[in-house]
Amino acid sequence: MSEMPAAKPYTLEPGDKVTAVAVYTAQSLLIGELVTREAVRVSTWLRTLGLPDYAALYGVTMLRFLGTGEPQVLRLPELYFPMGQVIALHLAPPATDPLDYDPTEQNRKFELVSALAGPFRFDGSLRMPGHLTLTRQMELLRDPFTMLYDVAVSSAFQPMGVVQTSMVLLRPSAFTFAARKPA
C-alpha cells in the first residue's frame, strides 16, 4: 500500500510559485518553501518595496544556534519569521537565478570578502565600481541589502557543512566584513 503525500499547508493562487530558500537570522538558519508571485525574483526579493512584516515558510527545517553546543534542529510545517530579523537569503541549492547584473558592463570589479555574523561565514565576491577600494566601497554602502557572488556559506557548527551558491543577498549592517586574498 502506498502512502499519499502529505497535503501542503498552503494553496497556490493563480500567478503564485513556490521557491526553496535558505533564510538566515542572527541565531538560526531556516530552510523551506517560500510562496511568492511568479513575477518575483526570489534571489533579490528582500530589495522589493512593500515586504510584509512577517513572511511564511513551509516545510521548514530550522537550525537554531544556541551557545556553543550543537544546534537545535526543528522541523515545522509552517513558520512565520520577522522580516526585520533576516540577515541573509539565497535560493536553496541546486536552484539558481540568472545573474542580476550584466557581466559585460565596463568599469566593475569583484573583491573577495568574508562576511561574518553570529555563527555564519559567507566567503564570496562583492561587485563594486572598478575605481573604488574596498575601504571606500564599505564607507559608501547604504543599501539595506547587498549581493555577494560565488559564495561558500559555512558555520562554526559542523552539522551545517558548507553550502555553495551563486548569489546571497545580505544585510550589510548585520555583518562584519574582512578582505580575502585570492587562493
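Asp150 is found in strand β8, which covers residues 146-155. The model in which it lies is predicted, and the exercises below start from this residue.

**Exercise 1.** Determine whether Asp150 is buried or exposed, and describe its phi angle.

*Solution.* Step one is the cut-off: a residue counts as exposed when its relative accessible area is over 50%. Step two is the value for Asp150, which is 62%, so Asp150 is exposed. Step three is the backbone: phi of Asp150 is near 50 degrees, a positive value in a residue other than glycine. For comparison, most residues other than glycine have a negative phi.

**Exercise 2.** Find the place of Asn107 and state its phi and its exposure.

*Solution.* First, Asn107 is located in the loop between β5 and β6. Next, its phi is near 65 degrees, which is positive although Asn107 is not a glycine. Finally, the relative accessible area of Asn107 is 65%, so this residue is exposed.

**Exercise 3.** Identify the kind of peptide bond that joins Pro93 and Pro94, and place Pro94 in the chain.

*Solution.* The bond has an omega of about 15 degrees and is cis. Most peptide bonds, by contrast, are trans. Pro94 belongs to the loop between β5 and β6, the latter strand covering residues 108-117.

**Exercise 4.** Describe the surroundings of His90.

*Solution.* Begin with the element: His90 is part of strand β5, residues 88-91. Then consider its accessibility. Buried means under 20% relative accessible area; His90 has 2%, so it is buried. Now list the neighbours. Leaving aside residues up to four places away in sequence, His90 touches Val21, Ala22, Tyr24, Val153, Val163, Thr165, Met167 and Val168. With Tyr24 there is also a polar contact between the two side chains, at 2.9 Å.

**Exercise 5.** Count the helices and strands of the protein chain, give their order, and judge how compact the chain is.

*Solution.* The count is 1 helix and 10 strands. Along the sequence these follow the pattern β-β-β-β-β-β-β-α-β-β-β. The radius of gyration is 17 Å, close to the 16 Å given by the globule rule for 183 residues, so the protein chain is as compact as a globular protein of that length. Along its principal axes, the C-alpha trace spans about 65 × 45 × 30 Å.

Terms used. Residues are numbered from 1 along each chain as its sequence is written. This is a predicted model: local features need pLDDT of at least 70, side-chain atom pairs count only at pLDDT 80 or more; totals for chains, interfaces and linings use all residues. Side-chain values use heavy atoms; hydrogens and water are left out. Helices (H or I, at least four residues) and strands (E, at least two) are DSSP runs, numbered from the N terminus. Buried means under 20% relative accessible area, exposed over 50%, partly exposed in between (1.4 Å probe, protein chains only). A polar contact is a pair of N or O atoms within 3.5 Å; within protein, one must be able to donate a hydrogen and the other to accept it, and residues adjacent in sequence count only if both atoms are side-chain atoms. Contact means heavy atoms within 4.5 Å. The radius of gyration is taken over C-alpha atoms; the globule rule is 2.2 Å times the number of residues to the power 0.38.
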